[in-house]
Amino acid sequence: MPVLTPDERRGLAVIAIVAALGAARDLWQARHPARVPPLAAESMAARAGSAPAPEPPPADSARPGVVRDTVARLDLNRASARELDDLPGIGPVLAARIVAERVRRGRFERVEDLLAVPGIGPKLFARMRLRVEVRSASGAR
């Protein structure tokens, strides 16, 4: 049996501790599932066919024929990485890439500018398109 040096034993101990912490985190998450946001719950139920199709959003009485937006939209130019992480299909790494792209290029001019972020393709963009917006510098939509 090979004899380990003190540095190798320390490294092995660190790896064992990290693995134990990861297993404990996974176990905790399995026993305490995160709440599913309402929008995701509706889409999952619609895919499963267990729920009737959602009703269309109410029409705006001030402007006939215009449908009101019922989902709060996130401004891409002001959102933090944590807020972006809450979007469907976006994790912490992709949220950090969006923030980095915003820092690198300046303000997003259109929602479609997200397609320039590595990791965001047409399918992911379609999932999050209705949850984001780009407001002008003054805050108007």
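Is D85 buried, partly exposed or exposed, and what is its relative accessible area? In this predicted model, D85 is partly exposed, with a relative accessible area of 23%. The residue belongs to helix 3, which covers residues 81–85. Its salt-bridge partner is R82, and the closest N and O atoms of the two lie 3.8 Å apart. Both residues sit in helix 3. Three residues separate them, about one turn of the helix. R82 is exposed, at 55% relative accessible area. The pairing extends to another residue: R82, D85 and D86 are linked in a network of salt bridges.

The wider fold sets the context. The protein contains five helices and two strands. Along the sequence these follow the pattern α-α-β-α-α-α-β. Of the 141 residues, 19% are buried. Among contacts with a separation of 6 or more, 47% join residues 24 or more positions apart.

The mean pLDDT is 78. A value of 70 or more is reached by 69% of the residues. Among the elements, helix 1 (residues 6–31) has the highest mean pLDDT, 92. Helix 2 (residues 38–48) has the lowest, 53.

Salt bridges were searched for across the whole structure, and nine were found. Side chains of opposite charge can pair when their charged atoms come close. One of the pairs joins D113 to R105, with the closest N and O atoms 3.8 Å apart.

E112 lies in the loop between helix 4 (92–105) and helix 5 (122–128). R129 lies in the loop between helix 5 and strand 2 (132–133). The pair therefore ties together parts that are 17 residues apart in sequence. Both residues count as partly exposed: E112 has a relative accessibility of 28%, and R129 has one of 37%.

Key
Residues are numbered from 1 along each chain as its sequence is written. This is a predicted model: local features need pLDDT of at least 70, side-chain atom pairs count only at pLDDT 80 or more; totals for chains, interfaces and linings use all residues. Side-chain values use heavy atoms; hydrogens and water are left out. Helices (H or I, at least four residues) and strands (E, at least two) are DSSP runs, numbered from the N terminus. Buried means under 20% relative accessible area, exposed over 50%, partly exposed in between (1.4 Å probe, protein chains only). Contact means heavy atoms within 4.5 Å. pLDDT is the predictor's confidence in each residue, from 0 to 100. A salt bridge is a side-chain nitrogen of Lys or Arg within 4 Å of a carboxyl oxygen of Asp or Glu.
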